Amino acid sequence: MSAEACPSYCTCSSTRISCVDPERGINAFPVLQSEAEMENITDIYIANQGSFSSINDKDLHYYKNLRNLTVTNSRLTYVSKLAFQNNIKIQYLNLKDNNLSSLSWRIFRHLNMSYMILTGNPLHCSCENMWMKLWLGEEADNQELRCIEDGGVRKLLSRLTLPNCEVPMATLNPSKVTLMEGKHVDLSCTTSGVPSPELIWNMALVSNYEIETSGQISVLRLSNLSSLDHNSKISCTAENIVGEKESALMLDILFPPKITKLTDAIPDHHWCIPFSMSGNPKPELLWYQDDKLVMEGKFIVTMIHDITEREFHGCLQLDSPTHLNNGHYKLVATNKYGTDTKDVEAHFMTKPWEEADKDNYYDPFTDAPTIEPPEDGVAVYVVVGIAAVAFTGFLLMLVILKFGGNSKFGIKGCALFQNIPVESVSR
């Protein structure tokens, strides 16, 4: 971090901010020059700050990767319920030796902290702070965490008991729902606790529903159940100032198979014909190639690669398929409530003879075919050629013999057959 990025009254590194100088005090968390610099901070340490009194909604908004926060020996008196809404990575929180009289559990409901220190604060022995005893357990004694009673007496929080102050309860009935799609069902949630808890339904449903509440009993009426709500969570929560309690179930909706995707074969580590399908119970799958059942084994097998809340995603996996595997593929999904089918054409390899035909193809109207004579034909041509040359020579010899005596040739015809020079014949 550049020197200009760090406030002059603090010391900084790329991941840590420390503000401990009591003379040059701060009243809020430092704001660095850029959001990126604040996102890199994982540790903030603030101490000895007499003007630091609150942590408000937006103070830590940009410190999204904050893991360790210490605000100690300061005048901190208030922490907003939304103070840590963007700091879900916080693991360690030290608010020791401040001026906190109360602190709501709702501030920390979305966090998964490993360690919290609250000693040295003038906490009231009130129902609002009872959650600390329940949340910290034995750690409350290890910290010697105390609260102040109305008479000013300090008491170990672990020994605090208060009338009309208890964690609420919630009971969902029935505890399990297994129904065919299109049916309807009523769910009731009963709450108890002091102070009287608020009852909250939590769900995200496609099915139609309505809620009727009377006192501490609430009824959720579901109608025309949709298969899209299979494995959806429904919960009712009771909460008061002491804490919260949830009761939940997962909808188990029965419905026939539905193949939502079947696409062209794609090459991967193996060839794969991808598909997605749903159904409850899980459908049995059969494959057909050109209306013949595909016998699965070592080289052809159905693989399920991913299972979501209500869908199965996989592929028919083929190891080194050939032209024999080309064809029209049909997927059949079946369970006790019905059947669904889907078709796709799959092409893996060109047939060898089709490749050969393609290489030797010519157009008789534009290309003159090249015909290579067989080896035996070549031999015949050679013999015939030699015979023709010999015959031609023989005919030429006869012509010379016939007309050799003519003076215009300058020699006697018989001289051609004697070993006598032409000059001797002339003499």
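Close-up 1. Setting aside neighbours within four places in sequence, Thr178 touches Asp252 and Leu254 (contact means heavy atoms within 4.5 Å). The C-alpha atoms of Thr178 and Asp252 sit 4.6 Å apart, although 74 residues separate the two along the chain. Thr178 belongs to strand E12, residues 177-180 (strands are DSSP runs of E, at least two residues; helices are runs of H or I, at least four; both are numbered from the N terminus). With a relative accessible area of 37%, Thr178 is partly exposed (between buried, under 20%, and exposed, over 50%; 1.4 Å probe, protein chains only).

This is a predicted model, with local features needing pLDDT of at least 70 and side-chain atom pairs pLDDT 80 or more, while totals for chains, interfaces and linings use all residues. Residues count from 1 along each chain as its sequence is written, and side-chain values use heavy atoms, leaving out hydrogens and water.

**Close-up 2. A four-stranded open sheet.** The strands run in the order E11-E13-E16-E15, with antiparallel pairing (strands pair if DSSP finds at least two bridges between them). E11 (169-173) and E15 (208-214) are the edge strands with a single partner each, so one side of each has no neighbour in the sheet.

**Close-up 3. Inside that sheet, E13 against E16.** Strand E13 (residues 185-192) pairs with strand E16 (residues 217-223) over six bridges, in the antiparallel sense. Look for Thr190, which stands opposite Ile217 in E16.
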